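Before reading on, take a moment to look over the chain from one end to the other.

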Amino acid sequence: MEGDCLSCMKYLMFIFNFFIFLGGSFLLGVGVWVLLDPMGFREIVAANPLLFTGVYVILAMGGMLFLLGFLGCCGAIRENKCLLLFFFMLILFIFLAELAAAILAFLFREHLTRDYFSRELKRHYQGRNNSDVFTSTWNAIMTTFDCCGVSGPEDFEESLFRLLSPNKLVPEACCQRNGYLGDVSVEQCVSGGGVAFRHNKGCYSAMVDYFETYIYTAGALAIVVLTIELFAMVFAMCLFKGIQ
């Protein structure tokens, strides 16, 4: 009876980790496909720092899931204690890292306020300097979410950006990309003379509105992932103890 239970647990763990292995392989494939530059796709991604960073995040997640699934499958089917222990330690490390991230997010939640982001934008944003990570990230955010500043265009008053570009009220990233009439529209937008050509909504509100749609899905997904990780650790330890 004990042998049948152990055998059932072994194959359940193998199937479970096989799907993790396939998911990791898929993510790795997507990341490599983008980096190999099919039909100039890399240039499109590289133009947006957020998308370009996302490619490496996908590669890292894919590699981690690939390794996790491989260790789980091999450890279960071969009944190898060393692989199962390594699998358990890796899952435990991921679980503790997620827990630490949640705790840090709670402790430093005051740094995620609108005022905090406004202060940082005024101090560090430079305009079109793509070599500066802070500036390029904000340009990507304003372009992606069709917004301007944290609360609105007024965030650029008395800022580093105005010191570097005294003739501009807002950066080009605040300007609307659709329906341009040419360089005249861009000039009117950045000089403040063409309010109709710029985005007047703040990025804080735009991002909150965007992510509010997915907050319940993200929460449910997080709970599912944590539950799977806990079951995986229990399976691994039970199988580890059951192997002679």
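In which helix does Met 233 lie? In this predicted model, Met 233 belongs to helix α10, which covers residues 215–242. With a relative accessible area of 9%, Met 233 counts as buried, because that value falls under the 20% cut-off. Leaving aside residues up to four places away in sequence, Met 233 touches Phe 88, Ile 91, Leu 92 and Phe 95. The C-alpha atoms of Met 233 and Met 89 are 8.7 Å apart, although 144 residues separate the two along the chain.

Helix α10 also has a part in the largest pocket, where it supplies five residues, the largest share of the lining. Rolling a probe the size of a water molecule over the atoms shows where empty space is left. The largest pocket holds about 440 Å³ of space, and among the 15 residues that line it, Leu 65, Glu 98, Val 225, Ile 228 and Glu 229 lie nearest its centre. At least two lining residues come from each of α1 (2–35), α3 (49–78), α4 (81–107) and α10. Sorted by class, this lining consists of 13 nonpolar and two charged residues, with no polar ones.

Turning to another helix, α6 runs over residues 133–144, and its twelve residues should span 16 Å at 1.5 Å a residue, which agrees with the 16 Å between its end C-alpha atoms. Several residues of α6 are buried, including Thr 135, Trp 138, Asn 139 and Met 142. Just after α6 comes Asp 146, which takes a positive phi of about 50°.

Methods
Residues are numbered from 1 along each chain as its sequence is written. This is a predicted model: local features need pLDDT of at least 70, side-chain atom pairs count only at pLDDT 80 or more; totals for chains, interfaces and linings use all residues. Side-chain values use heavy atoms; hydrogens and water are left out. Helices (H or I, at least four residues) and strands (E, at least two) are DSSP runs, numbered from the N terminus. Buried means under 20% relative accessible area, exposed over 50%, partly exposed in between (1.4 Å probe, protein chains only). Contact means heavy atoms within 4.5 Å. On a 1 Å grid over the protein atoms alone, a cavity is a set of points where a 1.4 Å probe fits but cannot get out, and a pocket is an open set with protein on both sides within 12 Å along at least five of seven lines; lining residues have an atom within 4 Å of a point. Grid points are joined across faces, edges and corners, and a volume is the space filled by probe spheres set on the points. Ala, Val, Leu, Ile, Met, Phe, Trp, Tyr, Cys and Pro count as nonpolar, Asp, Glu, Lys and Arg as charged, and the others, Gly among them, as polar. The expected span of a helix is 1.5 Å times one less than its number of residues.
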